[in-house]
Amino acid sequence: MTVHPRGFCALFGKTVRHSLISLTLGAAMATHSAPAAPASEFSEPWKKSDRALVIDAYEYNSIDWHKLVTDKRIAGFISKASDGLPPHYACSGNETEIALCKALFKRHAVARELFHTRRTVARALGLEWGAYHLARPGNPVDQANNFIDFAEPGPDDLLALDIEENDPEKWMSLEDAEEFARHVHRRVGRFPILYTNGTTAQHIADNREKYPLLSRLPLWYARYKPEIGMHFPKGNWPTYTLWQFSAQANCNARQCPYRVPGTPLDIDVNVASMSVEELRQTWPFGGLLDVPVEMIASVPVPVARLQALAGDVALSYAPVEKASAAVALASAFQVRGQHYPDRYETGGSWFRALAGYLASARNSMVAWAGIGDAPPAGIDPIVTATVPEGRN
């Protein structure tokens with residue numbers, strides 16, 4: 001994901017600023033299901049012929065598709081989709097403001113047409129397809145909706161959230177990124193992977209209690225060095241899902257870590273932590289690193305206390321989609337509405353009434369579930385997912 005200082009598109013170009021990362025790795029979090037990668041995974045893995053490669057591009061990258069697919073290690077193509085908030089459909093203001101508004105909408109329409117054309121071509125050529133959203137300041141729920149409406153993702157399309165750096169004045173804040181990822185899951189049933197640089201990834205790892213979603217998303221790591229073993233936040237992520245190792249920052253006419261046929265020198269190239277076949281089987285990486293997807297919207301069914309203490313208990317899980325949806329809606333309207341009150345200026349009484357109703361529904365469900373300052377009488381608060389004998 002690269003900066004392209006060419007006139008108007010510089011406003012929308014991608015930038016990854018690189019700085020030295022602290023050598024102190026975060027303390028180990030709860031055990032992940034994936035094993036830690038061997039050291040060789042962090043030192044020029046693109047030179048290993050069994051590692052899959054993935055291209056990511058934006059609308060100004062030219063692609064010769066016939067040449068591109070001659071490289072059999074290229075297994076996927078991730079295209080830029082949306083950029084921040086959606087453009088205004090009705091322009092107003094002075095002459096300059098109206099002209100800029102129309103230009104933005106025209107660019108949006110052309111970029112979307114190119115995106116869907118490239119998706120058709122890539123799929124026809126047997127490539128896995130993905131889309132990323134360039135996250136900027138502004139309502140994260142609106143941005144997530146813009147992303148999904150733009151990309152129209154199919155069930156096998158990878159989704160990615162691009163956080164260029166930890167600077168909420170220029171890019172989406174990490175707090176808003178949490179809500180973005182949550183809302184994508186609400187709408188499509190899976191999470192995006194997280195694209196970011198080494199410094200931001202380390203910050204998220206060091207503050208994983210504050211960012212429980214971002215720290216558990218599969219990591220698309222951007223660092224243009226041949227070796228990252230001393231910098232990668234292994235205390236949180238056992239390995240990268242994708243490593244963007246080549247871009248305009250370290251590729252020119254004289255030397256380049258990897259040259260992809262049919263692409264310009266500024267194309268972004270990524271190596272996967274797996275083979276082509278493994279990548280095809282795992283794509284689109286829509287779950288969390290340490291939580292099975294089926295547990296995201298489910299709760300453990302209680303078992304008797306004596307049975308639990310005896311051990312050898314296989315937990316079963318019950319779906320809670322309806323309750324989760326109501327709680328999610330309440331959070332979306334109340335929490336994000338507080339952060340972005342101007343979003344609902346015209347809503348007036350109906351918005352306040354809806355938010356109040358959703359809050360009431362949420363509180364009723366929480367009370368029904370026995371979640372509060374004190375558990376219901378007879379419920380053991382110490383043993384997780386158990387109730388005393390005779391209460392199940």
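Cysteine 91 and cysteine 101 are joined by a disulfide, S to S 2.1 Å. The rule here: a disulfide is two cysteine sulfur atoms within 2.5 Å. A word on the source: this is a predicted model, where local features need pLDDT of at least 70, side-chain atom pairs count only at pLDDT 80 or more, and totals for chains, interfaces and linings use all residues. Residues are numbered from 1 along each chain as its sequence is written, and side-chain values use heavy atoms, without hydrogens and water.

Back to that bond. The S-S torsion of cysteine 91 and cysteine 101 is about -80 degrees, so this disulfide is left-handed. Cysteine 91 is partly exposed, at 29% relative accessibility. Cysteine 101 is buried, at 11%. Buried means under 20% relative accessible area, exposed over 50%, partly exposed in between (1.4 Å probe, protein chains only).

How many disulfides in total? Two. Cysteine 251 pairs with cysteine 256, S to S 2.0 Å. Both of those cysteines are buried.

Now the rings. The whole structure holds 16 aromatic pairs. Rings of Phe, Tyr and Trp (its six-membered ring) pair if their centres lie within 6.5 Å; planes under 30 degrees apart are stacked, over 60 edge-to-face, the rest tilted. Take tyrosine 221 and phenylalanine 232: centres 4.9 Å apart, planes at 65 degrees, so edge-to-face. Next, phenylalanine 232 and tyrosine 240: 6.2 Å between centres, 75 degrees between planes, so edge-to-face. Phenylalanine 232 is buried, at 0%. Tyrosine 240 is buried too, at 1%.
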